[in-house]
Amino acid sequence: DEILWTRIQRLPDQPRRLLEVVAVASRPLPLRHVQEVAQLRALPPEMVAALRSERLVRTTGPGLDDEIECYHDRIRESTVARLPRPVIAGHHAALAAALERDETGQPDLLAAHLEGAGDLERAGGFYRTAADQAVEALAFGRAEDFYKRALSFAVETSAKAEILERLVHFYTDLARFD
């Protein structure tokens with residue numbers, strides 16, 4: 001970890017910030033989102049290529065619609081572990097804003113970034129949407145996890161009641177599959 005962190009610290013400011021955003025994202029994201037969140041006016045191909053050659057990130061291609069992610073989970077974990085909490089929360093908030101503007105239909109990803117930013121009530125709403133989508137896709141384990149997260153973040157009694165009702169229906173429907 002120390003050797004890896006030393007390598008990361010030696011990076012110039014902009015590539016290091018780009019890597020931080022990619023690490024906080026924890027999932028592949030389009031380069032355009034990472035560029036926006038890292039507050040880069042342009043994303044020079046050589047910047048991404050340098051991070052790739054250092055085996056810190058991998059991409060699906062050079063275009064802004066191509067995806068980028070950390071080369072290995074250890075890089076992500078090491079980077080995030082050393083970032084101050086306000087920096088992590090700021091990256092999460094900016095990632096959530098970028099995803100919300102993009103309207104890609106990934107409520108679970110949006111919820112995770114809102115949660116990381118500390119916006120738990122909004123995260124709960126997106127987890128509820130993600131749970132409903134997971135039920136439709138027959139991804140019952142994910143649906144249960146998302147409903148439980150939504151319930152834990154619900155503030156209003158009516159929102160809690162609605163989620164509990166959905167959970168009851170979920171478990172009732174799930175029992176029919178057994």
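Tutor: A residue is buried under 20% relative accessible area, exposed over 50%, and partly exposed in between, with a 1.4 Å probe and protein chains only. The model is predicted, so local features need pLDDT of at least 70 and side-chain atom pairs count only at pLDDT 80 or more, while totals for chains, interfaces and linings use all residues. Residues are numbered from 1 along each chain as its sequence is written, and side-chain values use heavy atoms, with hydrogens and water left out.

Student: Why does Y127 count as buried?

Tutor: The relative accessibility of Y127 is 4%, so Y127 counts as buried. F146, at 10%, therefore counts as buried too. Y127 and F153 are both buried.

Student: How many aromatic pairs are there by the ring rule?

Tutor: Rings of Phe, Tyr and Trp (its six-membered ring) pair if their centres lie within 6.5 Å; planes under 30 degrees apart are stacked, over 60 edge-to-face, and the rest tilted. This rule gives 2 aromatic pairs.

Student: Why is the pair of Y127 and F146 called stacked?

Tutor: Their ring centres are 5.9 Å apart and their planes stand at 25°, so the pair is stacked. Y127 belongs to helix α8 (residues 120-136) and F146 to helix α9 (residues 140-153), so the pair ties together parts that are 19 residues apart in sequence. Helices here are DSSP runs (H or I, at least four residues), numbered from the N terminus.

Student: What makes the pair of Y127 and F153 tilted?

Tutor: The centres lie 6.1 Å apart and the planes are at 35°, so this pair is tilted. Y127 in helix α8 and F153 in helix α9 are 26 residues apart, and the pair links distant parts of the chain. Through ring pairs, Y127, F146 and F153 form a cluster.

Student: Which residues does Y127 touch, not counting residues up to four places away in sequence?

Tutor: With contact meaning heavy atoms within 4.5 Å, Y127 touches D108, A111, A112, E115, F146, R149, A150 and F153.

Student: Which residues touch the most other members of the largest nonpolar core?

Tutor: A nonpolar core is a set of buried Ala, Val, Leu, Ile, Met, Phe, Trp, Tyr and Cys residues joined through side-chain atoms within 4.5 Å. The largest one has 52 residues, and L18, L19 and L56 touch the most other members. Helix α2 (residues 13-25) provides the largest share of this core, 7 residues. Leaving aside neighbours within four places in sequence, L18 is in contact with V34, A38, L40, L43, M47, V48 and L51.

How values were computed. Helices (H or I, at least four residues) and strands (E, at least two) are DSSP runs, numbered from the N terminus.
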